[in-house]
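Open the model in your viewer and keep the selection tool at hand. This tour goes stop by stop.

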Amino acid sequence: MNELVDGVREIVAREIAPRAAEVDLRGELPEGFALKLGERGLAGLALPEGYGGVGADLATFGACLEALGGGCASSAWALVSHSGCARALLAFGADAQKERLLPALAAGRLLGSAMAGTEAAGGSSAAGTRTRARRDGDGWVLDGNKEFISLAGLADLFLVMARTGDEPLALGCFLVEKSDPGVSFGRREELLGVRGLPVGGIGFAECRLPAERLLGAEAGGLAVMGAMGAWGLVGAAAASLGIAAVALADATAYVKERVVAGASLSTLPGVQRALGELAFELAGARAHLAQAIRDVEGVKGPPLPLFRAKLAATEAAVRITDRAMALYGAAGYSRALPAERRARDVRAFTIHFANNEVLKDMLSKAAVA
């Protein structure tokens, strides 16, 4: 898989990174984004070769997302969401549906989004879901509203969490297509970072779905989340580290070139110490993620090592990008340089793909269980 990762790095350097500033400024991904990912093998990273994917393992997926995150955070986010949708369908989709949809996802002919769970009343809590799914003959009818959904209005397929009963965790996960009757899209959110990513609301009004659109059991929504959870956690952690790594590399090059009072900034002990500390923190976060991926291989149940690694990596990346921006002085706060964009982008990965504050609560409870 080393050749795959090297190829992704080349694609990022040649095609994706040079357009990152434009993506941020215009607030949209390049036209034909999904197809381009498919042509380059990226759209099928998380799918087996039998469905047209490349069969990457979690470690390889992480390495590719680190490269992509360093080039364009919005593109990395979209790919993590797309990959999560593909993994859920792979695990729980009906055979006929997998044959129809997975090759299209791998090729980028379809763009997927996971997970449409956030609601005004429930936030990140699945138990607070109010969108309901009721049986209607052989199928289902969805009614409700979601907000802050990645790729809203752009993706072709959405994983939607809906209540299938009155018990707190009676939740099902449904595969909803953009073109399904009863699906509508609300206003797009104006985001601080990852501005190329469309994020907004999705409404369901008498949205009728055939029976096979239920992925897994009627109350098995959390199991579906588990099937794609590791990929989201690794993708978010790796992409944030990619942003941090590029931010640190650029800041290091800048202080070497910047001359103040006849001396390079890199000769100042305080600057040297800052760079050393940031490099140390980046290496530690990378090692943490790599070890977590090894620890969860073949293990069933909640991936606690990945919870910790995602938390550690994204929090470290926020600190690294912020301190790297400070090394530029006033220039770092200018949109003429990418430092401020990276500081804006990386914060988003602490919020989604398992909110860091929720992870802290979960890990704290696990520590005393």
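How close do the axes of helix α9 and helix α10 come, and at what angle do they cross? Select residues 304-326 for α9 and residues 339-348 for α10. Their axes come within 9 Å and cross at roughly 165°. Angles over 145 degrees count as roughly antiparallel, and α9 and α10 are therefore roughly antiparallel to each other. Their crossing is left-handed.

Now show side chains. On α9, pick A317, V318, T321 and M325; on α10, pick A339, E340, R342, A343, V346 and R347. These two groups meet. By class, this contact of α9 with α10 has 6 nonpolar, 1 polar and 3 charged residues.

A word on confidence before moving on. This is a predicted model. The mean pLDDT of the chain is 94, and 99% of its residues reach 70 or more. Colour by pLDDT and look at α10, which has the highest mean among the elements, 98. Then find strand β1, residues 112-116: its mean is the lowest, at 90.

The axes of α7 and α10 lie 10 Å apart, at an angle of about 160°. α7 and α10 are therefore roughly antiparallel to each other. Their crossing is left-handed. Select S240, I243, V246, A247 and D250 in α7; they meet R342, D345 and V346 in α10. This contact divides into 4 nonpolar, 1 polar and 3 charged residues.

The crossing is left-handed.

Which residues of α7 and α8 meet? On α7, select V234, A237, A238, L241, A244, A245, L248, T252 and V255. On α8, select V271, L275, L278, A279, L282, A285, R286, L289 and I293. The contact of α7 with α8 has 16 nonpolar residues, 1 polar and 1 charged.

Last stop: the aromatic rings. The whole structure holds 6 aromatic pairs. Zoom in on W77 and F349, whose ring centres are 5.0 Å apart and whose planes stand at 55°, so the pair is tilted. W77 sits in helix α5, residues 73-92, and F349 in the loop between α10 and α11. The two are 272 residues apart, so select them by number; their pair links distant parts of the chain.

Technical notes. Residues are numbered from 1 along each chain as its sequence is written. This is a predicted model: local features need pLDDT of at least 70, side-chain atom pairs count only at pLDDT 80 or more; totals for chains, interfaces and linings use all residues. Side-chain values use heavy atoms; hydrogens and water are left out. Axes are lines fitted to C-alpha atoms, for helices over the stretch in contact, and angles run from 0 to 180 degrees between N-to-C directions. Helices (H or I, at least four residues) and strands (E, at least two) are DSSP runs, numbered from the N terminus. Angles under 35 degrees count as roughly parallel, over 145 as roughly antiparallel, 65 to 115 as roughly perpendicular and the rest as oblique. A crossing is left-handed if the near helix is turned anticlockwise from the far one by less than a right angle, and right-handed if clockwise. Contact means heavy atoms within 4.5 Å. Ala, Val, Leu, Ile, Met, Phe, Trp, Tyr, Cys and Pro count as nonpolar, Asp, Glu, Lys and Arg as charged, and the others, Gly among them, as polar. pLDDT is the predictor's confidence in each residue, from 0 to 100. Rings of Phe, Tyr and Trp (its six-membered ring) pair if their centres lie within 6.5 Å; planes under 30 degrees apart count as stacked, over 60 as edge-to-face and the rest as tilted.
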